[in-house]
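Me: I should like to go through the assignments made for this model one at a time. For each, please set the value against the criterion and then conclude.

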Amino acid sequence: MDNDNHKLTLEDLGYGEFFEAGRQHCGFGGFALARVVAEHKLSYRVKNPKGEYAAKITGKQMFDAKSRPDYPAVGDWVAITELNGEQVIIEGILPRKTMIKRKASGKNEIQIIAINIDVAFAVQAVDADYNLNRFERYFAIARDGGVKSAIILNKVDLISKEELDSKIIQIKDRFGDIDVIATSTINDAGLDDLKKYITAGKTYCLLGSSGVGKSTLINKLIGKGAIKTNDISARTERGRHTTTGREMYFLQNNSIVVDNPGMREVGMADAAGGIDDIFGQITGLAKACKYGDCTHTQEPGCRVLAAVESGELDGEKYRNYLGLKKEAEFYEMNAVEKREKDRQFGKFIKGAKEQLKKSGRRSY
Ligand SMILES: Nc1nc2c(ncn2[C@@H]2O[C@H](COP(=O)(O)OP(=O)(O)OP(=O)(O)O)[C@@H](O)[C@H]2O)c(=O)[nH]1
Ligand SMILES: [Mg+2]
Ligand SMILES: [Zn+2]
């Protein structure tokens, strides 16, 4: 399909030993492989050294799927059967190395941000809304998914060198030796550092609020001559548009970056496990609270409050913890968007089933 692609190997697309072992283990040895590179309104595109295809899942997978993680998502390696030069059937998902996800409301439901990511960049713009605590939340989401974090401070053209230096010192004070890359897509500051940082065959994603410049940065990284996974010209001025789908881009140096919607849309306070990790001290103390459902805000016999009082627990950590809990609860209440997504997904599944019937393929 696109001539640029003929030199790509599976390794260039991020494949490696871990996935090969999983493939053998799952009995997918006889199938061709591809990586899921886009998911728009819940239809898939997959890519392999031969090209890029529209993809659907089998009737069996639809039948067996119990929850969202049972379906493919951007970053997944899948076993495929080619229907024709443009369409494939996804026969199964290879075991995942990492999974960045949010826990959606109450039940066991999970929403997937990206799969098989090696490094998650926690991105903030240095102007409005900049907040150290937010980095902590992104780290929690990444850690929860088994993914390493690094920081991108974008829009550094908007502040002075002194302000930037002091921000970096604050970050190092708070988070130790985390990697920090300061960038601007206006004057191209730091873009070379970022290009050097991202490594061939590794997959990256950007976690950040809407408008911090994630898509603009990726456009800069793609640059000239990079391999496009999709028709970018159809989306002119892409950087100025809020991203709604997830999509994977292959850069000149054979590294891979996933663009995804801003975290406000994604909701971010749901990585409850990761947050608990960071505030392990608080959860530890909470075991000694008088009431099992203690909110640690006003209850008599609250061990956490006692620890704040005595200075045993850092007051800022405590406030941070409360803020995060509050936000998590807010997202859990906001189920309307999720229901709409589920509805669209149902429609997609129905369409895919009809397509399968038409193609005369048994959905075993
Ligand atoms: N001053 C300045 N503006 C920037 C920079 N990078 C991006 N912008 C602007 O910030 C705005 C938002 O950029 P996007 O790339 O769309 O942001 P995003 O993070 O992808 O947003 P969502 O897709 O909504 O999550 C655009 O108007 C960009 O031109 C930068 O380095 N400096
Ligand atoms: Mg975007
Ligand atoms: Zn308590």
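Reply: A definition comes first: the expected span of a helix is 1.5 Å times one less than its number of residues. The model discussed here is predicted.

Me: How do you know that the length of helix α3 (residues 132-144) agrees with its number of residues?

Reply: Helix α3 has 13 residues, so at 1.5 Å a residue it should span 18 Å; the C-alpha atoms at its ends are 19 Å apart, which agrees.

Me: What makes α3 mostly covered?

Reply: Buried means under 20% relative accessible area, and 11 of the 13 residues of α3 are buried. Among them are Leu 132, Phe 135, Tyr 138, Phe 139 and Ile 141, together with Arg 134, Glu 136 and Arg 137.

Me: What is found at the start of α3, and what just after α3?

Reply: At the start, a side-chain oxygen of Asn 131 comes to within 2.7 Å of the backbone nitrogen of Asn 133. Just after α3, Gly 146 has a positive phi of about 80 degrees.

Me: Which residues are the protein donors of the zinc ion (ligand 3)?

Reply: The donors are Cys 289 (SG), Cys 294 (SG), His 296 (ND1) and Cys 302 (SG), at 2.1 to 2.4 Å from the zinc ion (ligand 3). The cut-off for a donor is 2.8 Å from the metal. Along the sequence, the donor residues of this ion follow the spacing C-x4-C-x1-H-x5-C.

Me: Why is the site of the zinc ion (ligand 3) called tetrahedral?

Reply: Four donors count as tetrahedral if all angles lie between 85 and 135 degrees. The angles among the four donor atoms of the zinc ion (ligand 3) are 102 to 117 degrees, and the site is therefore tetrahedral.

Me: What makes the aromatic pair of Tyr 15 and Phe 19 stacked?

Reply: The structure holds 11 aromatic pairs. In the pair of Tyr 15 and Phe 19, the centres are 6.1 Å apart and the planes 25 degrees apart. Centres must lie within 6.5 Å, and planes under 30 degrees apart count as stacked, so the pair is stacked. Tyr 15 and Phe 19 are both buried.

Me: Why is the pair of Tyr 15 and Trp 77 called edge-to-face?

Reply: The centres of Tyr 15 and Trp 77 are 4.9 Å apart, with 70 degrees between the planes; an angle over 60 degrees counts as edge-to-face, so the pair is given that name. This pair links distant parts of the chain, 62 residues apart: Tyr 15 is in the segment before α1 (17-25), and Trp 77 is in strand β4 (residues 77-82). Trp 77 is buried, as is Tyr 15. One aromatic cluster is formed by Tyr 15, Phe 18, Phe 19 and Trp 77.

Notes. Residues numbered from 1 in each chain as written. Chains lettered and ligands numbered in written order. Heavy atoms only, no water. Donors = N, O, S within 2.8 Å, 3.2 Å for Na, K, Ca; no water. Tetrahedral: all angles 85-135°; square planar, octahedral: opposite > 155°, others 65-115°. Phe/Tyr/Trp six-rings, centres within 6.5 Å; stacked < 30°, edge-to-face > 60°. Buried < 20%, exposed > 50% of the residue type's maximum accessible area, 1.4 Å probe, protein only. Helix = DSSP H or I, 4+ residues; strand = E, 2+ residues; numbered from the N terminus. Polar contact = N/O pair within 3.5 Å; in protein donor to acceptor, adjacent residues only side chain to side chain.
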